[in-house]
Amino acid sequence: MDPAVPDTGVIQSAVDLACRAPSVHNSQPWRWRYSAGRLDLFSERTRLLPSADPSGRQLHISCGAALHHVEVALTSLRWRSDIDLLPEPSLPRLVAAIHCHRDATPRSHDFDLVTAIRHRRTDRRPFGPLAAEAGPAGRLGDQAARFGVTLTVLAPEARTTLAAATDASSAARRYDSDYQAELHWWAGHSLTGEGIPPESLATTGESAHVPIGRAFPRPGRQESTPRAGIDESTVLMLSTGSDSPAAWTRCGQALSAVLLEATSRGIATCPLTHLTEVGRSRDMIAALAPGAGLPQVLLRVGSVTGSPPAGRTPRRSTAEVLTLH
């Protein structure tokens with residue numbers, strides 16, 4: 001055993017946590033390879049969503065989120081990560097090479113973030129307003145800025161445009177049979193290890209109170225007592241200066257950092273990716289903050305006002321996604 005490099009147990013633990021990262025429709029489009037202190041992250045193109053994400057933009061955002069998750073996990077295990085993004089142009093599926101060094105000194109908040117990895121959920125139900133003790137959402141911008149990503153807190157008046165952009169996105173896909181089939185495949189089924197299970201979807205009544213949410217093909221859980229009022233979440237926008245695989249990956253890192261920081265502070269979260277999938281709706285969103293760059297992901301944040309969110313969404317096993325050499 002070489003004490004200068006992590007053993008396989010450390011890597012398996014870190015990758016297991018990394019795979020809790022959010023991904024579009026819980027597609028988990030990543031694969032890992034470890035050898036002698038270097039952990040490689042590859043995108044898995046067989047898990048690309050060709051209708052929702054033909055360019056692979058959201059695939060890279062998903063991989064970027066897993067990349068930040070693994071960095072958090074390794075830090076808590078006292079390993080520092082030196083990350084090279086897209087290190088080999090001849091291997092476009094190689095998203096990042098992570099070189100591990102045994103000199104990390106985790107602080108208490110680093111362990112809070114690991115706890116947040118285990119507790120974070122995508123909650124598609126209506127939120128209450130941000131609790132005062134959670135602090136202003138603008139502070140989350142510091143997390144995004146570390147990766148060169150701009151976080152914009154959208155004003156309440158932007159809701160009208162967000163709802164119109166949601167309608168435009170839905171209208172563009174209403175008769176798109178490939179998109180609808182893809183959405184039906186990934187959402188609301190009971191397959192183990194992937195996709196969005198029924199209990200993680202909002203009910204018809206709850207969806208009606210979140211007019212800026214994605215329209216899923218079928219109700220999720222059974223209807224219960226309706227919540228009072230409509231969604232009162234704050235909406236954040238993550239933007240980059242360009243549309244490139246590197247920018248998308250950094251946006252995924254920033255998304256993970258914001259989600260984990262929010263979760264550690266007791267803030268409920270729900271990424272909104274459908275608003276940037278269609279050109280017309282993305283343009284409408286971009287006009288809300290003309291100087292912010294290209295919108296990549298929006299995020300609802302707020303407080304949970306009802307029962308606790310559903311249990312964890314399934315994940316593929318670590319053995320299925322990690323190769324050890």
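Student: Where should I begin with helix α2, and what distance should its 20 residues span?

Tutor: The general idea is that an α-helix has 3.6 residues a turn, so residues three or four places apart point the same way. In this predicted model, helix α2 covers residues 57-76, and at 1.5 Å a residue it should span 28 Å, which agrees with the 29 Å between its end C-alpha atoms.

Student: Is α2 enclosed by the rest of the structure or exposed, and how many of its residues are buried?

Tutor: A residue counts as buried when its relative accessible area is under 20%. In α2, 19 of the 20 residues are buried, so the helix is largely enclosed by the rest of the structure.

Student: What follows α2, and is the phi there positive or negative?

Tutor: Arginine 78 follows α2, in the loop between α2 and β3, and its phi is positive, about 75°, although arginine 78 is not a glycine. With a relative accessibility of 44%, arginine 78 counts as partly exposed. Another residue that is not a glycine and has a positive phi is glutamine 28, at about 50°, and glutamine 28 sits in the loop between α1 and β1. Glutamine 28 is buried, its relative accessible area being 1%.

Student: How many salt bridges does the structure hold, and how do I read one of them?

Tutor: For a salt bridge, you look for a side-chain nitrogen of Lys or Arg within 4 Å of a carboxyl oxygen of Asp or Glu. The structure holds 15 salt bridges. One of them joins aspartate 103 to arginine 80, with the closest N and O atoms 2.7 Å apart. Aspartate 103 belongs to the loop between β4 and α3 while arginine 80 belongs to strand β3, so the pair ties together parts that are 23 residues apart in sequence. Both ends are partly exposed, aspartate 103 at 43% relative accessibility and arginine 80 at 31%.

Student: Which residues form salt bridges with glutamate 277?

Tutor: Arginine 173 forms one with glutamate 277, the closest N and O atoms being 2.9 Å apart. Because glutamate 277 lies in the loop between β7 and α9 and arginine 173 in helix α5, this pair ties together parts that are 104 residues apart in sequence. Arginine 214 also forms a salt bridge with glutamate 277, and here the closest N and O atoms are 2.7 Å apart.

Student: Which residues are linked in a network of salt bridges?

Tutor: Arg31, Glu44, Arg316 and Glu320 are linked in such a network.

Student: At what angle do α3 and α8 pack, and which residues make the contact?

Tutor: Two packed helices are described by the angle between their axes and the distance between the axes. For α3 and α8 the angle is about 95° and the axes are 8 Å apart, and that angle makes α3 roughly perpendicular to α8. From α3, the contact includes His109, Asp112 and Leu113, and from α8 it includes Leu260, Glu261 and Thr263. The residues of this contact divide into four nonpolar, four polar and two charged.

Terms used. Residues are numbered from 1 along each chain as its sequence is written. This is a predicted model: local features need pLDDT of at least 70, side-chain atom pairs count only at pLDDT 80 or more; totals for chains, interfaces and linings use all residues. Side-chain values use heavy atoms; hydrogens and water are left out. Helices (H or I, at least four residues) and strands (E, at least two) are DSSP runs, numbered from the N terminus. The expected span of a helix is 1.5 Å times one less than its number of residues. Buried means under 20% relative accessible area, exposed over 50%, partly exposed in between (1.4 Å probe, protein chains only). Axes are lines fitted to C-alpha atoms, for helices over the stretch in contact, and angles run from 0 to 180 degrees between N-to-C directions. Angles under 35 degrees count as roughly parallel, over 145 as roughly antiparallel, 65 to 115 as roughly perpendicular and the rest as oblique. Contact means heavy atoms within 4.5 Å. Ala, Val, Leu, Ile, Met, Phe, Trp, Tyr, Cys and Pro count as nonpolar, Asp, Glu, Lys and Arg as charged, and the others, Gly among them, as polar.
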